Amino acid sequence: MEVKNNVLKIGGRKFKISSLVILAETAAIIGLGIALASISSKLKADEEYIAVEAQKVYEYYDSGDYVSFNDYTYGDVILKAVDGMPRCTYDYSNLETDGCKKYYSENGEVISKLGVDVSYFQGDIDWEAVKADGIDFVMIRAGYRGYETGLVNTDSRFEEYISGALAADLEVGVYFYSQAVNADEAEEEAEYVVSLLEPYDITYPVVYDWEIVGEESARTNEVTAAELTECSAKFCSVISKAGYKPMIYTNKRQALLKTDLNVLGGIDHWIAEYTDTPSFPYEFQMWQYASDAVVDGIEGDVDINLSFVDYTSVR
């Protein structure tokens, strides 16, 4: 390469510098146009989603209503209904089952998405085979906090799994297994997850998964319902501010007895309930309905989930 008298010579070809500037400016304009087109497309998708959401009519319990559920310790339990969270209105007659796979339809069309959730316990995964078996999305454990040590760790297969799933054109979300004892720790966990996600483009939610361990040595044994609610809200707030869709993973018993749903009612919920149809009385968006599904590409049993929301249309 040689420059002389405003002429750039590369191999046997010559270019005037002014021509190169024009080419560079043209390329920049084209690049800007592509970027604007991409932004315009995303905005259009958002507008369509907002329009659909605006047409929804949410139903709420009245202040004098009660909900009941069957508890494995106390049997039938009756609670005052939460009036700050929409009630569940899914019509489960539209729920179909095919082997370990479930589908939910509205107006004769399947609207649900089928997914699995995985951590390093699943070992080697053939993501192309998972995709070919009809799986739409995967929820990957990004990390966890030790229930005894309190140390924050990355799942040892996280980078491998998320890279493989994205390469197989699966939609991806992540979850963090929390053992936070206060909001400061929950904030630390959320910021940790955001840093892990920086190299990746995901479309499904970032989930707060706080669970009761049931071990005497667990540092979370004394966490109160108010503290857990504050932890959940803080984690989801940080995730939302970072531009991701927050979600809370829980089960019916924990949600109803251990959190304040008047505070968390505006956050999407992923409910674990291993029954033919869920009985959670309030609105939720994702349902983990089995832990023993058999899916091509994954050795052994795996958790399987139904999402009533297509999160590819939600930014």
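Buried means under 20% relative accessible area, exposed means over 50%, and partly exposed lies in between (1.4 Å probe, protein chains only). By that rule, 41% of the protein's 315 residues are buried.

This is a predicted model, in which local features need pLDDT of at least 70, side-chain atom pairs count only at pLDDT 80 or more, and totals for chains, interfaces and linings use all residues. Residues are numbered from 1 along each chain as its sequence is written, and side-chain values use heavy atoms, with hydrogens and water left out.

**Whole protein.** Switch to cartoon view. There are seven helices and 17 strands. Both kinds are DSSP runs numbered from the N terminus: helices are H or I, at least four residues; strands are E, at least two.

**Stop 1: residues 246-251.** This is strand β14. How many of its six residues are buried? Five are, so the strand is mostly covered.

**Stop 2: residues 206-210.** Here is strand β13, which runs parallel to β14 and is joined to it by four bridges. Two strands count as paired if DSSP finds at least two bridges between them. Select tyrosine 208: opposite stands isoleucine 248 of β14.

**Stop 3: residues 268-272.** Strand β15 pairs with β14 in the parallel sense, over five bridges. Which residue of β15 is the bridge partner of threonine 250? Pick isoleucine 271.
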